[in-house]
Amino acid sequence: MDKEKIKMKNILVILLLLVFTSMNFGQVKVVATTSVIYDLVKEIGKDKVEADYICRGDQDPHYVEILPSYMLKLRKAELFFKIGLGLEIWAQQLIDGSRNDNLKIIDLSNGIEKKEIPAGKVDASQGDIHPYGNPHYWLDPYNAKIMAAEILEALLAKSPENSEYFKKNYQNYISTLDKKLIEWNSKMKKAEGRSIVFFHASWIYFAERYGLKISGYVEPKPGIPPTPSHNAELYNIIKKSGANVIVMENYYSDKAPNQIASQTGIKVIKVPIAVFGMEGIDSYIKMMDYIINNISGNL
Amino acid sequence: MSKQTAVFLLLLFNINFAQSNVNPDISLIGTFNTTTNFNEGSPYKGKINFEDPSLEMFINGYLNPYAKASANIAYHEGSFAAEEIYFEILRGLPLDMQLKGGKHLLGFGKINTVHGHAWPFTERPLAHRIYFGEEGLNDIGFNLSFILPTENFFSSFDIGLYKGDSFRGIGGHEHGQEEIHEDEIHEGEEAHEEFELNETNSPVISARLGAFFGLSDYSNLEIGLNGAAGTLGKAGLDNGLIKNVNFIYGGIDFKYKYKPDTYKSLTIQTEALLNHRDIINELEGAEHFVLGDAINTYGGFIFFDYQFNKVFSFGLKYDFTYGIIGSERGINSLANDAGNKTSGISGWFGYYPVEETLAIRIGAERLMFDYEDGTIRDDETMFKMQMIFSLGPHKAHPF
Ligand SMILES: [Zn+2]
């Protein structure tokens with residue numbers, strides 16, 4: 001009889017403990033739209049977050065198909081981080097499809113100093129994929145610090161019991177990033193004032209950070225595929241500006257850039273602009289290393 | 001009616017321009033077709049026929065954090081029609097269910113819920129024309145959608161209750177065509193009109209089980225099982241009984257898409273439909289109907305579409321169905337034809353210079369007819385050129 005009671009008591013204690021542990025030490029379920037956000041979330045949340053992302057690293061983040069499998073990812077998520085500024089036109093449909101009504105959506109563009117916000121009426125004659133300003137702010141590594149701070153804040157609000165853990169990870173990451181910023185600044189020093197042709201208008205934040213001149217884009221307007229007449233225009237721009245590299249996001253076709261290169265002798269550099277966008281690029285820092293080494297090494 | 005609609009549209013645009021903060025999304029889709037047939041004996045053989053352009057206006061937006069409302073108003077050959085008007089409760093319901101209510105395209109198979117302008121091909125599949133009608137299955141009712149608790153893949157179950165007019169071949173643009181036919185009825189055929197099924201109020205039930213599999217980062221597969229059942233009407237039989245004329249549709253669909261990068265994709269898609277229905281026959285001289293045996297017929301299609309260089313696509317489709325395409329609907333609708341068959345082969349080439357803002361498609365369809373009584377009918381060939389513009393906010397592509 002007594003033995004039975006003790007047994008029951010033990011089971012109860014174990015059950016309570018289980019409930020308690022699952023409440024306190026449960027991971028925060030996070031989904032990010034892009035792998036860059038995912039990497040920052042993992043750096044700060046480490047094993048206290050269960051993170052996933054939607055857009056593949058080798059995929060144009062403007063165009064993501066509405067797949068039910070993405071809805072499944074969002075179904076149990078608590079936090080959803082996005083770049084914002086209209087980059088993820090696909091995000092709302094995925095959220096709706098997930099039917100998750102406990103999802104907190106955090107737009108990481110909130111704290112960013114936005115560039116290229118259109119003045120006046122926007123219409124499709126300008127190409128309409130950057131209607132709220134340029135969303136490619138993650139290519140300025142100083143903005144990664146702002147994004148990380150925003151992510152930290154959201155994780156703290158969701159899981160206050162892990163606040164010390166998140167803050168410590170955040171500080172470690174920021175100090176690593178700060179060291180990298182010094183290294184990148186010095187590597188890019190010699191690029192200051194140089195002219196570069198880019199493929200898509202992803203590069204304004206990066207270029208202004210390092211004092212690069214954007215002499216032109218391979219796309220005639222953001223999101224509009226290259227045309228022969230625009231290529232001809234670029235040919236003249238390249239001659240005039242003395243640009244010696246075309247930097248392109250690696251998910252675009254290099255047909256037009258290679259054509260321009262064969263006419264002008266300009267060098268084409270393909271870089272990933274997302275984590276996992278290329279073999280071996282498994283973190284934001286490695287991605288920026290790759291971009292900066294390739295640009296600074298080729299100017 | 002069309003004047004009222006025009007005023008309504010004007011009002012709507014005014015509201016849209018006046019309010020700057022909470023705007024519904026509005027898109028306009030314009031379609032302009034030219035057709036050319038190559039049928040022996042046709043007075044228009046080889047000539048270009050310029051069809052009236054048609055316009056569709058899609059309006060949708062959130063009503064609140066839980067629900068959305070959508071409307072699709074179409075202008076076609078001089079008249080306006082509300083193609084779709086519905087609301088959706090997206091979240092917040094028990095069991096994570098979604099509720100859709102109003103007039104909308106039914107999720108029976110994959111193609112039916114996609115508007116024609118977004119198909120890679122130019123002609124509605126033959127089996128849809130016979131079993132769903134020229135405008136597809138578009139009905140008034142409710143749909144409940146559930147996500148099933150499968151861990152490793154997405155699966156869903158939908159069940160809906162509909163008025164059933166589109167199954168019975170009533171409503172839509174076809175109404176207009178019926179009226180024309182009535183005018184053309186010859187004296188001798190007048191008795192025909194008496195042989196109509198009496199209307200029924202019993203709704204049609206429609207359900208779908210869907211499963212989606214991510215095969216790799218670049219390829220996905222969706223499979224669906226569909227079913228619908230209901231009563232087409234009541235028939236007064238020669239023996240004095242009133243009989244419910246029932247039908248059951250069963251269907252399977254399959255879609256595979258491989259998209260290795262931004263510039264290329266291959267889609268392979270198929271749908272098949274099985275039709276089981278009660279048959280009543282008219283007998284010469286009889287005052288009422290005579291009950292016949294139930295029939296089982298079927299139809300379906302398979303196609304591939306290959307997109308290359310981002311802006312071009314081409315594809316081929318094979319269609320087969322019971323029933324003769326282009327026949328007039330009789331008392332029992334085309335879907336009752338268990339003797340005659342139509343098959344078709346079509347091909348197309350599409351050009352999409354900037355996403356979906358402009359689309360130009362050239363398509364050809366060859367129809368082959370097989371009559372039970374041995375009637376010989378020449379194959380029919382039609383070329384179509386289709387130009388579509390899409391004005392409005394960018395939308396992401398659903399699988
Ligand atoms: Zn962009």
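Are A:His62 and A:His200 buried or exposed? Select the two residues: both are buried. Keep in mind during the tour that this is a predicted model, with an ipTM of 0.86 and a pTM of 0.87.

**Stop 1: the zinc ion.** Together with A:His62 and A:His200 they coordinate the metal, each through NE2, at 1.9 to 2.0 Å. The angles among the four donor atoms run from 106 to 113°, and the site is tetrahedral. For comparison, ideal angles for four tetrahedral donors are 109.5 degrees. Along the sequence, the donor residues follow the spacing H-x67-H-x5-H-x63-H. Now trace the chain from A:His62, in the loop between β2 (49-53) and α3 (68-75) of chain A, to A:His200, in the loop between β5 (195-198) and α7 (204-209) of chain A. The two are 138 residues apart, and the pair links distant parts of the chain.

**Stop 2: the two domains of chain A.** Colour residues 22-183 as domain 1 and residues 189-296 as domain 2. Their centres, taken over C-alpha atoms, are 25 Å apart. Where they meet, domain 1 of chain A contributes 39 residues to the contact and domain 2 of chain A contributes 30. About 2800 Å² is buried between them, and carbon and sulfur atoms give 62% of that area. Next, select A:Gly57, A:Lys115 and A:Leu139, the residues of domain 1 that lose the most area to domain 2; together they make up 21% of what that side buries.

**Stop 3: chain B.** Switch to colouring by pLDDT. Chain B averages 86, and 84% of its residues score at least 70. Finish at residues 171-194 of chain B, where pLDDT stays under 50. For this stretch the model has 14 contacts beyond four places in sequence.

Definitions and conventions:
Residues are numbered from 1 along each chain as its sequence is written. Chains are lettered from A and ligands numbered from 1 in the order in which they are written. This is a predicted model: local features need pLDDT of at least 70, side-chain atom pairs count only at pLDDT 80 or more; totals for chains, interfaces and linings use all residues. Side-chain values use heavy atoms; hydrogens and water are left out. pLDDT is the predictor's confidence in each residue, from 0 to 100. Contact means heavy atoms within 4.5 Å. Donors are N, O and S atoms within 2.8 Å of the metal (3.2 Å for Na, K and Ca); water is not among the atoms, so sites may look incomplete. Four donors count as tetrahedral if all angles lie between 85 and 135 degrees; four count as square planar and six as octahedral if opposite donors are over 155 degrees apart and all others between 65 and 115; anything else is irregular. Helices (H or I, at least four residues) and strands (E, at least two) are DSSP runs, numbered from the N terminus. Buried means under 20% relative accessible area, exposed over 50%, partly exposed in between (1.4 Å probe, protein chains only). Domain bounds come from an automatic or database domain assignment. Buried area is the accessible area (1.4 Å probe) that two parts lose on being put together, summed over both.
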